[in-house]
Amino acid sequence: MSHLQPLAGQTVLVTGASGGIGAAIAERLSAEGARPVIHYGRDRERAQALLGKLGGNGLIVQADLSSPDGAFALWRDALAAAGRIHAVVNNAGIRSEISIEADPVDWRIAWQTEFQVNFFAAADLCKEALAHFKHHGGGRIVNMASRAGQRGYAADAMPYGATKAALINLTKSIARSFGRDGIVAVSVAPGWVRTDMAEEFVAKHGKDAAVGDIPIGEMAETAEIAELVAFLLRPSQASVNGATFDINGGSYIR
């Protein structure tokens, strides 16, 4: 293993990898020697374009994580294609808005849908990955959480913050319970990241609405997130187990 290819020989399943943060992660992992398993939900063209950008170094698997069986189907198909998976990056996520004035049926649907994609699907993948890792001498899990999961979130997006808080707690439980099996689990908790979602928010509300409370005055770049994720997947990093890594420019006030 060279210092330029610290992830050589690793196959890493990345959910929601067709765009934004997920695509940046897949690119970085490939650059460091890993073989990404690119999961996408709907946009096959973007997934194929990403694989082309990686020179064909990777696999593509489709799954609908909003379906109760989606994560199990994803794991089954990814494992069949890859043979062995060394790490999972639970990156897929959605963010919806629902007011406390909403109809109870709409309110419940919003919460259930967001928990299904952001948390239950990730928990299901963790379950499958943990069993696989235990039988193969270990593995890694990186869960993409959020600043919102630690300091609370906006009134109309409370489900999102709650799902991310649950994800951070799940990560800690995995770290405590399976560390002796050679399994390392960590959370990454970004604030605003420069993605299509963020750019839409800025276009609608103005840049200061997004970066006004960020001391460095800028959003994180997707490449920053990707670089950290790749670092956390290095075999040399074992004692990071259970940690939450904040990437928010100093805007998370404890």
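The expected span of a helix is 1.5 Å times one less than its residue count; helices here are DSSP runs of H or I with at least four residues, strands are E runs of at least two, and both are numbered from the N terminus. Everything below comes from a predicted model, where local features need pLDDT of at least 70, side-chain atom pairs count only at pLDDT 80 or more, and totals for chains, interfaces and linings use all residues. Residues are numbered from 1 along each chain as its sequence is written, and side-chain values use heavy atoms, with hydrogens and water left out.

**View 1. Helix α4, end to end.** α4 covers residues 104-135, and its end C-alpha atoms sit 44 Å apart, which agrees with the 46 Å that its 32 residues should span at 1.5 Å a residue. There's a kink of about 45° centred on Gln-116 (the bend at a residue is the angle between axes fitted to the seven residues ending there and the seven starting there).

View 2. Just after the helix, Gly-137 takes a positive phi of about 80°.

**View 3. The largest cavity.** On a 1 Å grid over the protein atoms alone, a cavity is a set of points where a 1.4 Å probe fits but cannot get out, and lining residues have an atom within 4 Å of a point. The structure holds one cavity of 30 Å³ or more, and the largest cavity contains about 60 Å³ of space (volume being the space filled by probe spheres set on grid points, joined across faces, edges and corners). α4 gives the most to the lining, five residues, and α6 (158-178) also supplies at least two. Among the lining residues are Thr-15, Asn-90, Met-144 and Lys-164.

**View 4. The largest pocket.** A pocket is an open set of points with protein on both sides within 12 Å along at least five of seven lines. About 1,400 Å³ of space lies in the largest pocket. Its lining has 48 residues, of which Asn-91, Gly-93, Ile-94, Arg-95 and Met-197 lie nearest the centre. α7 brings the largest share of that lining, six residues.

**View 5. The second largest pocket.** This pocket has about 190 Å³ of space. Its lining consists of Arg-95, Glu-97, Trp-192, Met-197, Glu-200, Phe-201, Lys-204 and His-205.
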